[in-house]
Amino acid sequence: MERRSFLLGLGAATVCAASPGAPAADAAPGQRVEITLERMVGAGWRAMPPGFVFDQDDRVRFRFKASFDGYLYVMNQGTSGSYTMLFPREETGRANNIRSGVECLIPATQAWFRISGPAGHDIIYWMMSPVAMGASAPPAYVPLPPPPKTAPPPASLIPRCDDAIFRARGQCIDSSAGPRQLDATKPLPENMQGLPGVRSRELIIMKRQNQSVLSSAKPIDGPVIYEFRLAHR
């Protein structure tokens with residue numbers, strides 16, 4: 001039986017909650033999003049570095065906050081090649097409208113994701129659109145189709161610990177993991193190809209100790225897509 005990299009499980013979680021916060025002092029001006037990757041440790045959750053290398057059966061979730069209103073779509077390509085729509089969906093929350101300055105959990109339900117599948121890098125596609133892509137969207141936009149069932153596995157190496165970071169933090173950190181621009185040499189998944197307004201956008205990506213900040217100096221007037229590579233062994 002195929003092992004998918006992300007399996008859903010039930011657990012205690014809090015849905016979107018107001019968390020205005022101040023803009024990051026070192027972030028570029030303009031619109032931005034913040035992503036924090038969390039791992040269940042004991043009975044609680046702990047923020048992890050974006051490049052942390054996870055183990056099989058680790059439970060994870062994401063914190064997401066944007067400085068502008070819009071709609072969020074999250075899809076994963078596992079190390080086996082299979083695609084899974086992570087959000088929105090019945091088990092992880094249907095309400096994907098994001099308000100400026102409001103921090104949300106993904107999954108936005110009482111659930112978490114469990115790491116599974118062959119060792120490597122999952123490619124998580126994050127798409128933020130200023131307009132809804134669903135049935136009630138303006139005519140210029142179309143619903144986001146279901147993800148492809150499968151594709152060739154991502155060309156990724158087995159995650160490796162960065163020795164310098166390991167010595168400093170005592171954690172296994174893969175410097176190639178975390179947020180990144182779309183790979184221009186690789187076509188987008190079929191269900192994201194041809195979406196109105198989707199185009200290459202220059203993003204400034206910053207990896208903090210336990211947070212990723214992506215910013216755009218220009219207003220985001222259409223869907224923007226970027227990757228988050230999650231390393232696991």
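In this predicted model, Cys161 has a relative accessibility of 33% and therefore counts as partly exposed, the range between 20% and 50%. A disulfide is a covalent bond between the sulfur atoms of two cysteines. A search of the whole structure gives 1 disulfide. The torsion about the S-S bond of Cys161 and Cys172 is about -100 degrees, so the disulfide is left-handed. Cys161 is placed in the loop between strand E12 (120-129) and helix H1 (163-169), and Cys172 in the loop between H1 and strand E13 (178-180); the pair therefore ties together parts that are 11 residues apart in sequence.

The loop between H1 and E13 also contains Gln171. With 22% relative accessibility, Gln171 counts as partly exposed. The C-alpha atom of Gln171 is separated by 9.7 Å from that of Met48, although the two residues are 123 residues apart along the chain.

At the level of the whole chain, the secondary structure consists of 1 helix and 16 strands. The protein chain has 233 residues, of which 48% are buried. Among contacts with a separation of 6 or more, 78% are between residues 24 or more positions apart.

The structure contains 1 cavity of 30 Å³ or more. The volume of the largest cavity is about 60 Å³. Its lining is formed by Gln31, Arg32, Val33, Phe68, Leu203, Leu214, Ser215, Ser216, Ile220, Val224 and Tyr226. At least two residues of this lining come from each of strand E3 (31-41), strand E15 (212-216) and strand E16 (224-232). Divided by class, the lining of the largest cavity comprises 7 nonpolar, 3 polar and 1 charged residues.

Several backbone features were also identified. Most residues other than glycine have a negative phi, and most peptide bonds are trans. A cis peptide bond is found between Phe87 and Pro88, with omega of about 0 degrees. Pro88 belongs to the loop between strand E8 (83-87) and strand E9 (97-98). The peptide bond from Ile106 to Pro107 is likewise cis, and its omega is near 5 degrees. Pro107 is located in the loop between strand E10 (102-106) and E11.

Strand E11 spans residues 111-115 and includes Ala111. Ala111 is buried, since its relative accessible area of 4% is under 20%. Ala111 and Glu91 are 20 residues apart in sequence, and their C-alpha atoms are 7.6 Å apart in space.

A positive phi, near 75 degrees, occurs at Asp57, a residue other than glycine. Asp57 is situated in the loop between strand E5 (53-54) and strand E6 (59-66). Its relative accessible area is 43%, so Asp57 is partly exposed.

Technical notes: Residues numbered from 1 in each chain as written. Predicted model: local features only at pLDDT ≥ 70, side-chain atom pairs only at ≥ 80, totals over all residues. Heavy atoms only, no water. Helix = DSSP H or I, 4+ residues; strand = E, 2+ residues; numbered from the N terminus. Buried < 20%, exposed > 50% of the residue type's maximum accessible area, 1.4 Å probe, protein only. Contact = heavy atoms within 4.5 Å. Disulfide = S-S within 2.5 Å. 1 Å grid on protein atoms, 1.4 Å probe; cavity = no way out; pocket = protein on both sides within 12 Å on 5 of 7 lines; lining within 4 Å. Points joined across faces, edges and corners; volume = space filled by probe spheres on them. Nonpolar A, V, L, I, M, F, W, Y, C, P; charged D, E, K, R; others polar.
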